[in-house]
Amino acid sequence: MVAVALQPKPGWLVLDACAAPGNKTVHLAALMRGKGKIIACELNKERIQRLKETIRLAGAASILSEILSSSECCL
């Protein structure tokens with residue numbers, strides 16, 4: 001529901017600060033119709049692997065610009 005509330009448009013740059021396991025991230029990608037960039041951040045390194053797998057399974061990897069730990073996102 002968070003992705004729908006944001007109402008992202010194709011071409012937007014979106015920061016997903018607590019991205020794992022990836023459901024919100026791939027929902028954002030779908031709403032953006034594969035156009036734009038999503039920066040997905042996750043603090044827990046083990047959960048980053050789950051995030052990557054969810055993105056791969058959804059076929060959303062083409063618009064995901066980077067997967068970063070939360071500390072890297074908050075520069």
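Tutor: What follows is a talk about the labels and the values behind them.

Tutor: This is a predicted model, in which local features need pLDDT of at least 70 and side-chain atom pairs count only at pLDDT 80 or more, while totals for chains, interfaces and linings use all residues. Residues are numbered from 1 along each chain as its sequence is written, and side-chain values use heavy atoms, with hydrogens and water left out.

Student: How do you know how many disulfides the structure holds?
Tutor: A disulfide is a pair of cysteine sulfur atoms within 2.5 Å. The sulfur of cysteine 18 has its closest cysteine sulfur in cysteine 41, 8.7 Å away, which is too far for a bond. The structure holds zero disulfides.

Student: Is cysteine 18 called buried or exposed?
Tutor: Buried means under 20% relative accessible area, exposed means over 50%, and partly exposed lies in between (1.4 Å probe, protein chains only). Cysteine 18 has a relative accessible area of 57%, so it is called exposed.

Student: What comes just after H2?
Tutor: Arginine 33, which takes a positive phi of about 55°.

Student: What makes a group of residues a nonpolar core?
Tutor: A nonpolar core is a set of buried Ala, Val, Leu, Ile, Met, Phe, Trp, Tyr and Cys residues joined through side-chain atoms within 4.5 Å. The largest one here has 15 residues, and Ile38, Leu51 and Ile55 have the most contacts inside it. H2, strand S2 (37-41) and helix H3 (45-58) are the elements that give two or more residues to this core. H2 gives the most, with three residues. In soluble globular proteins, nonpolar side chains tend to be buried together.

Student: Which residues does isoleucine 55 touch?
Tutor: Contact means heavy atoms within 4.5 Å. Leaving out residues up to four places away in sequence, isoleucine 55 touches Thr25, Val26, Ala60, Ala61, Leu64 and Ile67.

Student: How many salt bridges does a search of the whole structure find?
Tutor: It finds three. Glutamate 42 pairs with arginine 47, with the closest N and O atoms 3.5 Å apart. Here glutamate 42 counts as buried at 8% relative accessibility, and arginine 47 as partly exposed at 37%. Glutamate 53 pairs with arginine 56, with 2.7 Å between the closest N and O atoms. These two residues, glutamate 53 and arginine 56, lie in helix H3, three residues apart, about one turn of the helix.

Student: How do you know that the residues UniProt lists for "binding site" gather at one spot?
Tutor: The unreviewed UniProt entry lists Cys18, Ala19, Ala20, Pro21, Gly22, Asn23, Lys24 and Glu42. They span 25 residues in sequence, yet no two of their C-alpha atoms are more than 13.0 Å apart, so they gather at one spot. UniProt positions are given in the numbering used here, feature names are shortened, and annotations may be inferred rather than shown by experiment.

Student: Where is the place of proline 21?
Tutor: Proline 21 is in the loop between strand S1 (13-16) and H2. Its relative accessibility is 32%, so it counts as partly exposed.

Conventions:
Helix = DSSP H or I, 4+ residues; strand = E, 2+ residues; numbered from the N terminus. Salt bridge = Lys/Arg side-chain N within 4 Å of Asp/Glu carboxyl O.
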